[in-house]
Amino acid sequence: MQPEQTFDRLDDGSEAELDGSGEITEFRAAQYVRMSTEHQQYSTHNQSDKIRKYAEKRDIEIMKIYVFHPG
């Protein structure tokens with residue numbers, strides 16, 4: 001019989017899948033990117049790309065992307 005899988009919200013806002021033994025088996029997270037000014041050096045696309053690469057290296061599944069443009 002497979003252990004029941006549950007999810008736990010971590011301090012950083014991401015979710016971790018627990019395998020019943022208390023060990024984390026999978027991370028899930030959301031991206032939040034924003035453009036605070038027109039003169040900002042990095043666009044939301046650049047920010048999203050950096051976050052995606054970070055997540056891929058750490059086996060984190062991005063579940064949703066939130067984009068904020070003031071105005």
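Predicted model: local features only at pLDDT ≥ 70, side-chain atom pairs only at ≥ 80, totals over all residues.
Colleague: Is Gln 31 buried or exposed?

Modeller: Gln 31 is found in strand S3, and its contacts, beyond residues up to four places away in sequence, include Ser 48, Ile 62 and Tyr 66. Its relative accessible area is 3%. Buried means under 20%, so Gln 31 counts as buried.

Colleague: Which backbone oxygen does the side chain of Gln 47 reach?

Modeller: Gln 47 has its place in helix H1 and counts as buried at 17% relative accessibility. Leaving aside neighbours within four places in sequence, Gln 47 is in contact with Val 33, Arg 34, Gln 40 and Tyr 42. At 2.9 Å, its side chain reaches the backbone oxygen of Arg 34.

Colleague: Which residues are linked with Asp 49 in a network of salt bridges?

Modeller: Asp 49 meets Arg 52 in a salt bridge at 2.4 Å, N to O, and forms another with Lys 53, where the closest N and O atoms are 3.3 Å apart. Glu 56 forms a salt bridge with Arg 52, at 2.9 Å between the closest N and O atoms. The residues linked with Asp 49 in the network are therefore Arg 52, Lys 53 and Glu 56.

Colleague: About how many helical turns separate Asp 49 and Lys 53?

Modeller: Both residues belong to helix H1. Because they are four residues apart there, the separation is about one helical turn.

Colleague: What is the area of the nonpolar surface patch that includes Tyr 32?

Modeller: Tyr 32 lies in strand S3, which spans residues 24-34. Together with Tyr 66 and Phe 68, Tyr 32 makes a nonpolar surface patch of about 320 Å².

Terms used: Residues numbered from 1 in each chain as written. Heavy atoms only, no water. Patch = residues over 30% accessible without salt bridge, like charges linked within 9 Å, V, L, I, M, F, W, Y side chains within 5 Å. Areas by Shrake-Rupley, 256 points an atom, 1.4 Å probe, with all protein chains shown as cover. Salt bridge = Lys/Arg side-chain N within 4 Å of Asp/Glu carboxyl O. Helix = DSSP H or I, 4+ residues; strand = E, 2+ residues; numbered from the N terminus. Buried < 20%, exposed > 50% of the residue type's maximum accessible area, 1.4 Å probe, protein only. Contact = heavy atoms within 4.5 Å. Polar contact = N/O pair within 3.5 Å; in protein donor to acceptor, adjacent residues only side chain to side chain.
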